[in-house]
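Morning, everyone. Please put the structure up on the screen, and we'll walk through it together.

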Amino acid sequence: PDLKDIDPTVLKHCHAAAATCILEAGKQKADLSAISTCLEDCKLDKERIEQFCTEYQVFKSILSYLCRSPLHITDVSWRLEYQIK
């Protein structure tokens, strides 16, 4: 409800950017000082940076597990089906 006045396209881009930032931080095993510096360069205020870092700390172990081994295909079975009429 708080975001109903924001253009959906802008909101979608913001969500994608935040998700990318979080996943990349997990992938790089970034510490809080590196994340804070990056967010300060993006001109976020201190309150939002602290909130982001707090949430990041909560989910850091989950993120490191997800980013450590990306999904990949292990086995494929192909079968060709056709009919000649």
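I'll take the salt bridges and then a surface patch.

First, some ground rules. This is a predicted model, so local features need pLDDT of at least 70, side-chain atom pairs count only at pLDDT 80 or more, and totals for chains, interfaces and linings use all residues. Residues are numbered from 1 along each chain as its sequence is written, and side-chain values use heavy atoms, with hydrogens and water left out.

Now, how many salt bridges are there? The count comes to 2. Here a salt bridge is a side-chain nitrogen of Lys or Arg within 4 Å of a carboxyl oxygen of Asp or Glu.

Take K46 and E40. They form a salt bridge, with the closest N and O atoms 4.0 Å apart. Is K46 buried or exposed? Exposed means over 50% relative accessible area, buried means under 20%, and partly exposed is in between (1.4 Å probe, protein chains only). K46 has 59%, so K46 counts as exposed. E40 has 42%, so E40 is partly exposed.

Next, R48 and D45. Their side chains meet in a salt bridge at 3.8 Å, N to O. R48 is exposed, because its relative accessible area is 55%. D45 is partly exposed at 41%.

Now the patch. L3, I6, V10 and L11 form a nonpolar patch on the surface. Together they have about 300 Å² of accessible area (Shrake-Rupley method, 1.4 Å probe; for residues, only the protein chains shown count as cover). Patch residues have over 30% relative accessible area and no salt bridge; nonpolar side chains (Val, Leu, Ile, Met, Phe, Trp, Tyr) are joined within 5 Å, like charges within 9 Å. L3 is partly exposed, at 47%.
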